[in-house]
Amino acid sequence: MLLSLGLTIGCSSQPRFRTNPSSQKPKAKSPKQEKLKPTGEPYQIGLASYYAHKFHGRPTASGEIFDMNGMTAAHRTIALGTVVRVTHVGNGRSVVVKVNDRGPFVENRILDLSLGAAKKLDMIGEGVAHVKIEILKGI
């Protein structure tokens, strides 16, 4: 009987965390969209390419599904979710994109843009463009 009582007490458990909804903090409201401003000097200057059809609809490194017509980019080291301005040095056009993937995997390139971003930079014919990257907003 003592053994049975000991097992019953030993098997009962207390919750390890509170489940009372009144004790949970309310979720913060999302901040208003702020105007994005460069943080200073260019982060990086080099060659950019673009990727499209082969990866369309596949998951990116951030877990988002790649939309080749979206305004996104792949970079080797910039934190995923960071918003950057990419300027085509040859024609002065620029676009704001979110880094949501890793790459490029070609040695002399610094950035892979989505097809949509590459079109805005007018670099489709060239395939590769000399660009400047400016960090606008990190996560």
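How many bridges join strand E2 to E4, and do the two run parallel or antiparallel? Keep that in mind, everyone, and I'll come to it once we have the overall layout. One caution before we start: what you see is a predicted model.

Let's begin with the whole chain. It has 139 residues, and 32% of them count as buried. The chain holds 2 helices and 6 strands. Reading from the N terminus, the order is α-β-β-β-β-β-α-β. Of the contacts with a separation of 6 or more, 75% are between residues 24 or more positions apart. As for the surface, the chain exposes about 9,700 Å², and 56% of that comes from carbon and sulfur atoms.

Now to the sheet. The 6 strands make a closed barrel in the order E1-E5-E2-E4-E3-E6, and the pairing is mixed. On average, neighbouring strands here are turned by 45 degrees against each other, if we ignore direction. As a reminder, strands of a sheet pair through backbone hydrogen bonds, either parallel or antiparallel.

So let's walk through some of these pairs, starting with my opening question. Strand E2, residues 72-74, is joined to E4 by 3 bridges, and the two run parallel. In that pair, alanine 73 sits opposite valine 99 of E4. E2 also pairs with E5, this time antiparallel, through 2 bridges. There, alanine 74 has aspartate 112 of E5 as its bridge partner.

Aspartate 112 turns up again when we look at E1. Serine 49 stands opposite aspartate 112 in E5, while alanine 48 has leucine 111 as its bridge partner in E5. Those belong to the pairing of E1, residues 44-51, with E5, residues 109-114, which is parallel and spans 5 bridges. And E5 itself is mostly covered, with 5 of its 6 residues buried.

Over to E3, residues 83-88. It runs antiparallel to E4, and 5 bridges join the two. Valine 83 faces lysine 98 of E4 in this pairing. E3 and E4 form a hairpin with 5 residues between them, and if you look in the turn you'll find glycine 92 with a positive phi of about 80 degrees.

Is valine 97 buried or exposed? Its relative accessibility is 2%, so it counts as buried, the cut-off being under 20%. And which residues does valine 97 touch, leaving aside those up to four places away in sequence? They are Met71, Thr72, Ala73, Thr82, Val83, Val84, Val86, Leu113 and Ala117.

Last stop, the pockets. What is the volume of the largest pocket? It comes to about 190 Å³. The lining has 13 residues, and Tyr51, Phe55, Asp101, Arg102 and Phe105 are the ones nearest the centre of the pocket. E1 gives the largest share of that lining, with 3 residues.

Methods. Residues are numbered from 1 along each chain as its sequence is written. This is a predicted model: local features need pLDDT of at least 70, side-chain atom pairs count only at pLDDT 80 or more; totals for chains, interfaces and linings use all residues. Side-chain values use heavy atoms; hydrogens and water are left out. Helices (H or I, at least four residues) and strands (E, at least two) are DSSP runs, numbered from the N terminus. Buried means under 20% relative accessible area, exposed over 50%, partly exposed in between (1.4 Å probe, protein chains only). Contact means heavy atoms within 4.5 Å. Accessible areas come from the Shrake-Rupley method with a 1.4 Å probe; for residues, only the protein chains shown count as cover. Two strands pair if DSSP finds at least two bridges between them. Axes are lines fitted to C-alpha atoms, for helices over the stretch in contact, and angles run from 0 to 180 degrees between N-to-C directions. On a 1 Å grid over the protein atoms alone, a cavity is a set of points where a 1.4 Å probe fits but cannot get out, and a pocket is an open set with protein on both sides within 12 Å along at least five of seven lines; lining residues have an atom within 4 Å of a point. Grid points are joined across faces, edges and corners, and a volume is the space filled by probe spheres set on the points.
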